[in-house]
Amino acid sequence: MLGEFVGILLILALALLIAAGFLALHRVLSPKREFAEKQEPFECGEAQIASPHQRFSVKFYLVAMLFVLFDVEAMFFYPWGAIFRDLGGYGLAVMAVFTVPLVLGLIYEWKKGALEW
Amino acid sequence: MIPVPTLHIVAILPVLLLAVGAFAVLLAELFLSSRGTGKSGAGSVFVGVSGATLLVVVVIAAQGFISAGAPAFNPDHPMLHLDRFSYFAIGLVAGAALLSCLLANGYLQELRIHHGEFYALLLLSTAGMVLLVSAVDFLSVFLGIELMSIPLYVLAGFDRGKPRSNESALKYFIAGSFATALLLYGMALVYGATGATHFAAIAARLDPDDSMAMAGVALILVGFAFKVSSVPFHQWTPDVYEGAPTAVTAFMSVTVKVAAFVALLRILAQAFGSAEALGTVLALLAALSMLIGNLMAIIQDNVKRMLAWSAIAQAGYLLVPLSTGTPEGQAAVLFYLAVYVFGNLGAFAVMIALTHRGQEADRFEDFDGLAKFRPGLAAAMVLFMVSLAGIPGTAGFMGKLQIFFAAIRADQLPLAILMALTSVVSVYYYLRLPIAMYMRPAREHPHRKELDFLEFTVLATCAIFVLVLGLLPNTLDWLPVIDWTHQSAAALASK
Amino acid sequence: MNGANEYDLLHWIPALPLAAAVIHGLCLGLWRQPLPRIATIALSCGATGLAFVLSFFALLALTELPAGSRVLQEGLFTWIGAGPFSAEVAFLLDPLSAVMILIVSGVGFLIHVYSIGYMDADAREDKGFQRFFAYLNLFTFSMLVLVLADNLLLMFLGWEGVGLCSYLLIGFWYSDEWNAYCGSKAFIVNRIGDFGFLVGMFLLFWALQDVGSGSVAFLELQTAFPLIADQMVQLPGWLGGAQWKLATLIGLCFFLGAAGKSAQLPLYVWLPDAMAGPTPVSALIHAATMVTAGVYLICRMSFLYAAAPGASAVIAWVGALTALFAAVVAIAQTDIKKVLAYSTVSQLGYMFLAAGCGAYGAAIWHLTTHAWFKALLFLAAGSVILAVHHEQDIDKMGGLHRFLVWTRLTFLAGVLAIAGAPYFSGFFSKDEILLSVHLADHVPGHAALYWIALFTAGLTAFYMFRLYFRIFFGESRMTRDQQGSIQESPRTVTIPLIVLAILAVAGGVVFGPSEAFIPIEDANSFGNFVAPVLATVHHEVERSLEWQLAAVATLVAFLGAALAYGLYVVRPAYPAKIRRLLGGVFRLVEGRFWIDELYDRILVQPLVKLSDRVLYRGLDARLLDDMVIGGTARGIRAAAADMLKFAQSGLVQGYLFLMLVGTLAIIGYLAF
Amino acid sequence: MVGEAVILSAILFAIGTVGALVRRNVIVVLMSIELMLNAVNLALVAFSRQWADPAGQMLVLMVIVVAAAEVAVGLGIVIALFRNRESLNVEDASLLKW
């Protein structure tokens with residue numbers, strides 16, 4: 001039991017060194033000559049029509065974040081639901097208390113217009 | 001049918017109140033600022049609500065301290081333990097938060113970033129600290145530390161328009177969540193080694209020779225060393241302090257330190273008591289922090305940055321008695337925390353009072369000749385600097401004295417001497433502000449002409465406490481601070 | 001308060017100046033409205049004067065007690081009760097502190113009066129007048145607390161208080177960079193001394209807690225100290241790891257504090273620069289009172305030094321060398337206040353020499369007479385400076401005896417006193433010191449010490465008379481219109497001068513003559529008064545020896561004076577010749593041995609450099625970089641350089657890396 | 001069984017650490033930190049199974065939720081930064097130094 005956890009730390013350190021080493025090697029060894037031809041697709045493939053780095057609307061991130069938040073909060077309902085019956089009224093009350101802040105949060109972002117597209 | 005656990009609401013009352021207050025402020029923000037109501041009107045509502053909440057929490061803490069603690073929340077599996085120790089810390093944290101939120105009003109308006117979210121986040125962060133200082137189970141420690149930190153990440157970047165503020169937030173966030181990950185891994189390892197997350201159980205089963213357990217202990221220590229910004233986990237501090245809005249810096253520079261140190265005290269005393277080797281590590285961290293913090297502070301040319309490095313040095317001072325592990329040491333930590341709160345808040349309060357039209361006063365030049373046209377402010381600043389430097393007659397000296405004698409009693413003479421030496425060095429940079437204010441020719445600054453009432457209140461409170469803690473730390477029978485710290489330490493010893 | 005007699009007027013002595021200072025502060029700070037001039041004067045001088053009267057009554061109350069047990073105490077409140085140790089805010093009046101409070105409040109009062117006239121003539125700032133008096137009162141308060149404190153901690157409060165006030169008075173008076181620099185220099189050098197004080201207190205506490213005494217009150221210390229007097233300590237390895245006598249260690253720490261406050265080698269550098277402050281301040285703080293606090297500390301702890309011969313020897317030698325060194329430097333100074341400053345350093349050296357030889361009574365006695373004549377000299381110098389419109393260079397004076405009658409006479413009295421002319425005050429105290437040094441065969445090399453002291457006495461006479469002649473005699477080296485406007489200073493200036501002059505002339509005979517020179521039984525009332533509280537080393541003295549020594553000293557002093565007369569009055573051309581002759585040596589002396597520059601090189605620069613280069617770029621960037629990468633191939637460094645920036649480079653990932661290294665180190669220590 | 005899981009978690013944690021240290025893109029750094037947190041979760045679950053004790057799993061739930069909140073805040077900060085900086089490179093955030 002004990003021995004392998006000694007290994008954990010060694011791995012921690014080792015992984016660090018290896019990764020750093022490779023990154024460094026890459027830095028050192030790789031020649032850095034960048035000319036226009038190099039940027040173009042080689043032989044096959046399409047010349048790109050637009051930069052892949054174009055900006056998305058921030059709305060994507062916003063909605064994504066909000067979704068993640070509520071989605072994860074919802075996770076707490078599963079264990080609760082599993083023993084919902086055994087908990088009885090007490091459980092219901094507690095979960096109600098739990099839900100109130102969520103609803104408040106919803107109201108907040110609604111009013112702030114985070115949900116408008 | 002699962003037995004319904006008995007809940008002692010009084011135990012979570014402070015947290016509940018703070019959360020409710022936070023939501024109240026949020027709703028107020030929604031419905032006031034959307035309407036045509038002037039921001040100033042809204043502002044007074046925000047300050048009123050949050051201030052009142054914090055005041056109530058302070059009162060609860062005082063009440064709890066007098067009645068020597070409350071029954072644990074959910075006694076069969078306690079997460080929080082509200083004894084005198086935690087109530088002392090809650091009072092301190094809530095008090096500091098109260099002062100900072102009084103400071104914020106005028107400042108935010110000067111910076112044109114006066115939103116209710118500020119107060120809501122401040123309250124939530126305070127709730128996290130309250131959780132943290134009363135936690136007796138790593139689950140609640142984790143909850144508390146995160147509920148404390150996440151709002152702070154946002155607050156650091158509260159001045160959204162300013163790249164510096166963004167950067168400060170980003171750095172704090174990345175470094176902070178990295179530290180959290182380390183802390184969590186430590187908890188996992190300790191859990192794996194002992195099969196428990198509750199302090200008492202861990203203390204019972206922790207084996208100082210089990211390297212996995214000790215690795216976990218080390219990682220947890222690191223997590224807290226980051227929060228208290230001790231060398232070598234300190235580097236985020238200057239950047240974050242400088243970049244964040246001064247009101248935020250003031251808030252977090254004191255409250256986070258209090259919460260993290262208090263929690264660390266409890267963990268060391270109640271969970272990791274059997275790991276003596278920790279003492280050496282803490283002493284080493286203390287020495288490093290005192291040396292590097294003080295020496296780096298000398299070369300700063302930005303006041304906030306200078307105060308950041310000084311905060312690192314102060315963390316070193318606080319680690320000295322922590323490393324002794326004696327009740328005296330714990331009491332000294334608590335007392336010095338109180339000292340630190342008022343001295344540091346006061347210094348930042350002066351800077352805030354000088355902020356005008358989005359123009360922060362955070363370079364030494366901004367203080368040139370201040371004594372000419374703001375004698376009161378200048379005098380107050382001198383007082384706070386002198387206290388931070390630990391000149392007798394001020395709180396700082398009394399605090400350092402407690403630490404010195406606690407350390408000497410624990411035969412930590414070298415640390416005590418190193419501390420005395422480094423605090424001699426520190427005078428060099430703490431004096432720079434008085435010199436600038438009194439001996440440099442005055443220059444024209446866009447300073448506000450008058451303090452607003454709240455700022456005056458905060459400054460006066462800090463100044464009074466700095467003097468009282470320095471001259472009558474235990475004399476007034478309604479304010480026997482030293483006795484309080486010793487009672488709290490005693491409560492800590494009796495699990 | 002272990003049964004000693006209570007005396008409940010004691011706290012008023014420091015309280016009065018404090019009250020005055022507070023009132024001034026409130027007026028200036030909150031009300032933003034300076035008091036009318038007359039009110040300011042009444043408040044400040046009144047407070048200090050009353051303090052003097054009270055001190056006098058306290059003295060009477062003290063003398064009513066039997067000689068053995070002359071102790072009065074008053075406890076106000078418990079400063080620190082709970083916790084590892086306790087300290088009272090309590091005052092202790094024994095003969096030693098009685099003498100000190102009389103000096104502080106008495107000389108202080110005279111200087112307050114003097115300041116009225118001086119500050120009027122010296123109108124630089126409108127509101128400055130009241131602020132100046134506020135600082136003066138604050139200083140008086142701190143100094144009184146220092147000398148009245150009944151425990152080390154309260155004494156340290158006063159100790160720091162006087163330092164702060166001198167900082168305020170040097171620096172805050174005229175706002176210009178140079179004063180700011182001097183003020184901070186004084187403060188920081190003093191902090192080095194304070195560090196010694198603190199560590200000494202720690203060691204004492206640490207040693208005493210083992211024998212179960214957690215107090216730092218002087219009386220308890222005195223009773224408990226014998227228990228640890230012979231204790232040895234093992235120094236840690238990095239300090240040589242030798243066996244040391246604890247008492248010696250503690251004694252040296254306290255002496256470091258004393259040397260900082262009393263401007264002894266090597267910490268004297270701040271005092272000459274402190275002359276940047278207004279002249280009354282130089283007189284009060286940097287001549288009469290504050291700088292003598294170190295001597296007071298040593299005498300207060302005499303019970304400790306009696307058990308620490310090593311420390312005492314160090315004190316004696318440092319004192320002697322300081323006396324000689326400062327006297328030599330003083331010869332070449334042309335700034336009137338600088339000469340007096342170095343002379344102060346030299347005289348303080350005398351006091352430490354005496355204390356180091358176990359003659360604490362002599363030290364305190366010289367402290368007293370020095371307070372008289374040095375304050376007198378400074379005030380007279382100030383009067384001169386006023387008369388010639390803030391000209392301080394004696395090369396630009398001369399021939400002033402025609403204009404400044406009173407100033408000149410009083411100045412002469414001071415010069416005679418410090419030079420040790422027979423039956424002047426300085427004569428008695430200096431001879432007592434020389435005598436005790438001559439007898440102190442328990443101090444290594446006391447013969448050499450005696451010759452140094454004697455030679456210094458000659459030098460003192462020389463440079464003081466040089467100063468006197470250069471100022472008042474020879475033909476004037478001033479422009480016509482300057483001469484035209486010279487006039488004697490106002491009465492508020494001259495009266496204190498006269499009072500002090502009387503003390504400087506007659507004080508010695510009246511208060512503390514040695515029986516050898518006055519045919520009265522125990523005429524030395526001063527010595528007998530302070531003796532009981534001091535652990536003085538006693539010797540049998542026969543009168544003849546005392547006479548011989550006195551004769552020699554007087555002769556030497558006379559030679560010095562005569563030399564000065566010859567060089568500066570009879571043959572004014574010679575000094576220039578000599579200057580050319582000695583060339584390099586003289587320049588060395590004139591440049592004060594370039595000690596300041598040395599300090600700047602050795603102390604200040606390295607600190608900043610250490611912080612800047614070593615820690616900031618070195619440790620943060622170079623050292624750690626090398627530590628992490630050093631071993632591995634040089635190629636990796638190029639990549640690592642920007643990946644692992646350790647400096648406060650602003651790259652958050654560098655911060656993370658340092659955190660990780662620290663983490664692994666701690667894990668390594670704890671887990672394996 | 002438990003041992004393997006824990007070693008796996010250690011490896012994940014190490015990878016996350018290195019990622020957080022060396023990647024330039026802020027988003028990727030956030031992802032690496034998430035990876036570290038999930039490594040913790042894995043370890044916690046394994047231990048909770050080993051000791052047959054639910055506390056570990058409770059902690060896991062907490063960690064998941066808090067991590068989500070954290071990453072939301074992080075993204076918010078990144079967006080604010082991007083609006084002022086037009087860059088997601090960590091190293092461009094170095095106004096504040098020394």
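Student: How many residues of chain C are in contact with chain B?
Tutor: On the chain C side there are 54, and they are in contact with 62 residues of chain B. Contact means that the C-beta atoms of two residues, placed from the backbone, lie within 7 Å.

Student: Where do these numbers and letters come from?
Tutor: The model is predicted, so local features need pLDDT of at least 70 and side-chain atom pairs pLDDT 80 or more, while totals for chains, interfaces and linings use all residues. Residues are numbered from 1 along each chain as its sequence is written, and chains are lettered from A and ligands numbered from 1 in the order in which they are written.

Student: Back to the chain C side that touches chain B. Which elements each supply at least two residues?
Tutor: Those of chain C are α1 (12-29), β2 (72-80), α5 (152-171), α6 (177-210), α25 (595-629) and α27 (652-671).

Student: Which one gives the most?
Tutor: α6(C), with 14 residues.

Student: And how do the residues on that side divide into nonpolar, polar and charged?
Tutor: The side of chain C that touches chain B has 36 nonpolar, 15 polar and 3 charged residues. Ala, Val, Leu, Ile, Met, Phe, Trp, Tyr, Cys and Pro count as nonpolar, Asp, Glu, Lys and Arg as charged, and the others, Gly among them, as polar.

Student: What about α5(C)? Is Tyr167(C) in there buried or exposed?
Tutor: Tyr167(C), which lies in helix α5 of chain C, is buried because 24 other C-beta atoms are within 10 Å. The cut-offs, with C-beta atoms placed from the backbone, are 20 or more others within 10 Å for buried, 12 or fewer for exposed, and partly exposed in between.

Student: Which residues does Tyr167(C) contact?
Tutor: Beyond its neighbours within four places in sequence, Tyr167(C) is in contact with Gly183(C), Ala186(C) and Phe187(C). Phe187(C) is 20 residues away from Tyr167(C) in sequence, with 6.0 Å between their C-alpha atoms.

Student: New topic, chain B. How many helices and strands?
Tutor: Chain B has 20 helices and 0 strands. Its radius of gyration is 22 Å, close to the 23 Å from the globule rule for 495 residues, so chain B is as compact as a globular protein of that length. That radius is taken over C-alpha atoms, and the rule is 2.2 Å times the number of residues to the power 0.38.

Student: How much of chain B counts as buried?
Tutor: 72% of its 495 residues. Chain A has 117 residues, and buried ones make up 7% of them.

Student: What does chain A consist of?
Tutor: Chain A has 6 helices and 0 strands.

Student: Where is the cis peptide bond in chain B?
Tutor: Between Val231(B) and Pro232(B), with omega about 0 degrees. Pro232(B) sits in the loop between α8 (211-227) and α9 (236-243) of chain B. Most residues other than glycine have a negative phi, and most peptide bonds are trans.

Student: Which phi does Asp411(B) have?
Tutor: Asp411(B) is not a glycine, but its phi is positive, about 60 degrees. Asp411(B) is in the loop between α16 (395-409) and α17 (413-430) of chain B, and it is exposed because 11 other C-beta atoms are within 10 Å.

Student: And Ala263(C), buried or exposed?
Tutor: Buried, because Ala263(C) has 29 C-beta neighbours inside 10 Å. Ala263(C) also has a positive phi, near 55 degrees, and lies in the loop between α8 and α9 (270-274) of chain C.

Student: How many residues of α8(C) are buried?
Tutor: 15 of the 16 residues of α8(C) are buried.

Student: Last one. At what angle do α17(C) and α20(C) pack?
Tutor: Helices α17 (residues 425-439) and α20 (residues 491-511) of chain C pack at about 50 degrees, with their axes 6 Å apart. Axes are lines fitted to C-alpha atoms, for helices over the stretch in contact, and angles run from 0 to 180 degrees between N-to-C directions. α17(C) and α20(C) are therefore oblique to each other; under 35 degrees would be roughly parallel, over 145 roughly antiparallel, 65 to 115 roughly perpendicular, and the rest is oblique.

Student: Which residues meet there?
Tutor: Ser425(C), Phe427(C) and Phe428(C) in α17(C) meet Leu503(C), Ala504(C), Gly507(C) and Gly508(C) in α20(C). The residues of that contact divide into 4 nonpolar, 3 polar and no charged.

Key. Helix = DSSP H or I, 4+ residues; strand = E, 2+ residues; numbered from the N terminus.
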